[in-house]
Every structure is written in structure tokens, then in C-alpha cells.
Amino acid sequence: MRFAVALVALAACGENSAGPDAAPVAAGTIFINEVMPSNTAACADPFGEFDDWIELYNAGDTDFALDGYTLSDDPIAPAKGALETLVVPAQGYKVLWLDDQVEGLDHFAFKLDASGEQIALYAPDGSIVDQLIFGEATTDVSFARVPDGGAFTTCAVSSCGATNGCE
Ligand SMILES: [Ca+2]
Ligand SMILES: [Ca+2]
């Protein structure tokens with residue numbers, strides 16, 4: 001009897017997640033806005049370390065909670081990094097450190113390959129919200145969408161946590 005009740009509860013939960021009250025769609029609103037696979041002097045994390053970083057940008061007018069979203073450099077393992085309680089503020093930015101260090105929720109257990117690879121943000125349903133596939137990266141030069149949310153270019157003057165302009 002208990003088993004049957006549990007099955008009914010699971011089915012109801014699945015229906016709700018696909019219903020009209022589902023979480024807001026991130027694609028087209030949340031962007032991987034800037035990526036730096038090789039950082040020696042551009043932007044330091046709160047511990048003073050020049051680690052690999054990416055910047056998310058929220059083009060929307062409301063704060064966006066990333067609970068259930070994941071980040072990965074490997075399409076075979078999209079759930080490498082869980083974004084948990086992180087929030088991208090409305091019209092704002094969130095810098096994430098790919099440093100393989102245990103330094104907080106905005107630090108992740110993998111780094112970017114400066115010789116080229118990819119980085120993608122996944123929605124809770126596993127779909128890709130945004131991604132960048134990049135070639136060899138120049139040290140302290142970022143791949144950045146200019147203007148914010150626009151097309152990728154390279155920026156010798158990067159802007160972690162601030163609007164992209166390459167200057
Ligand atoms: Ca660090
Ligand atoms: Ca920026």
C-alpha cells in the first residue's frame with residue numbers, strides 16, 4: 001500500500017515540472033558572457049588567485065536563481081558543476097571560478113583547457129542554455145560577447161563582473 005502511494009506522488013511531481021508553472025526559461029536570458037581559460041593577471045578571485053573564470057550575464061529584468069542548473073566542459077558529463085543557490089542579478093553578472101579548489105559555491109572542481117575546448121550551461125532538464133566552443137586561448141585575453149549577450153569576440157581588456165566593451 002505504501003509503495004503505491006509513493007508512485008502516485010512521483011508521477012504528480014513529474015507532471016508539475018512540465019506544467020505552466022515551471023521555472024522561467026533561461027535560454028536567451030542567461031548568457032555565458034565572458035570566458036577566460038588562461039588568467040595570470042586579468043582578474044583575481046577573492047583569495048587573490050588568478051584562476052580560470054567565466055562570467056554569466058542576465059539580460060532579464062528579474063534576478064535569476066540557478067538552482068538545478070549545471071556547468072560543464074564535458075558534454076558527456078553535463079552535471080560536473082552544480083550552481084545550487086547562486087543567483088544572477090537582473091541586468092547583472094555572476095563570475096564563476098573554474099579553479100578546482102574548495103573555496104565556495106562559485107568555485108568549481110574543474111579548469112578550462114587553454115588549448116581549446118568548450119564550456120556549457122545546462123538547464124535542470126539537461127538542455128543547453130548557452131555554450132562556447134573555443135580554440136587556443138591567449139593568456140589574459142577573454143572570449144567575450146560584445147555587447148553583453150551579443151556575438152563572441154576576443155578582448156585583451158577583459159571585464160570580470162562588469163559590462164563587456166574590451167576597453
Ligand atoms: Ca581560487
Ligand atoms: Ca564582462
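Student: In which sense do strand 2 and strand 7 pair, and over how many bridges?

Tutor: Strands (E, at least two residues) and helices (H or I, at least four) are DSSP runs numbered from the N terminus, and two strands pair if DSSP finds at least two bridges between them. Here strand 2 and strand 7 are antiparallel and share six bridges. Within that pairing, aspartate 52 has leucine 98 in strand 7 as its bridge partner.

Student: What kind of model is this, and how are residues and chains labelled?

Tutor: It is a predicted model, in which local features need pLDDT of at least 70 and side-chain atom pairs count only at pLDDT 80 or more, while totals for chains, interfaces and linings use all residues. Residues are numbered from 1 along each chain as its sequence is written, and chains are lettered from A and ligands numbered from 1 in the order in which they are written.

Student: How many helices and strands does the chain have?

Tutor: The chain has one helix and 12 strands. Read from the N terminus, the order is α-β-β-β-β-β-β-β-β-β-β-β-β.

Student: What is the strand order of the open sheet of six strands?

Tutor: The order is 8-7-2-1-11-12, and the pairing is mixed. Strand 8 (107-108) and strand 12 (151-155) are the edge strands, each pairing on one side only. Strand 7 and strand 8 run parallel and are joined by two bridges; there, leucine 98 stands opposite phenylalanine 108.

Student: Which strands does strand 1 pair with?

Tutor: Strand 1 (residues 30-36) runs antiparallel to strand 2 (residues 52-58), with six bridges between them.

Student: What about the open sheet of four strands; what is its order?

Tutor: Its order is 5-4-9-10, with antiparallel pairing. The edges are strand 5 (81-82) and strand 10, each pairing on one side only. Two bridges link strand 4 (residues 70-72) to strand 5, and leucine 71 has glycine 81 as its bridge partner.

Student: How is burial judged, and what share of the residues count as buried?

Tutor: A residue is buried if 20 or more other C-beta atoms lie within 10 Å of its own, exposed if 12 or fewer, and partly exposed in between, with C-beta atoms placed from the backbone. Of the 167 residues in the chain, 32% count as buried. Seven of the seven residues of strand 1 are buried, so strand 1 is largely enclosed by the rest of the structure. Strand 7 is mostly covered, with five of its six residues buried.

Student: Which residues have the most contacts inside the largest nonpolar core?

Tutor: A nonpolar core is a set of buried Ala, Val, Leu, Ile, Met, Phe, Trp, Tyr and Cys residues joined through C-beta atoms within 7 Å. The largest one has 31 residues, and Ile30, Ile32, Leu56 and Leu96 have the most contacts inside it. Strand 1 gives the most to this core, with five residues.

Student: What does leucine 132 touch beyond its neighbours within four places in sequence?

Tutor: Two residues are in contact if their C-beta atoms, placed from the backbone, lie within 7 Å. Leucine 132 is in contact with Ile32, Val35, Gln118, Ile119, Phe143 and Phe152. Leucine 132 lies in strand 10 and is buried, with 21 other C-beta atoms within 10 Å. Leucine 96, counted with the same exclusion of residues up to four places away, touches Trp53, Ile54, Leu56, Leu71, Asp106 and Phe108.

Student: Where does the backbone geometry deserve a look?

Tutor: Most residues other than glycine have a negative phi, and most peptide bonds are trans. A cis peptide bond joins valine 146 and proline 147, with omega about -5 degrees; proline 147 is in the loop between strand 11 and strand 12. Aspartate 100 has a positive phi of about 55 degrees and lies in the loop between strand 7 and strand 8. Cysteine 166, in the segment after strand 12, has a positive phi near 65 degrees.
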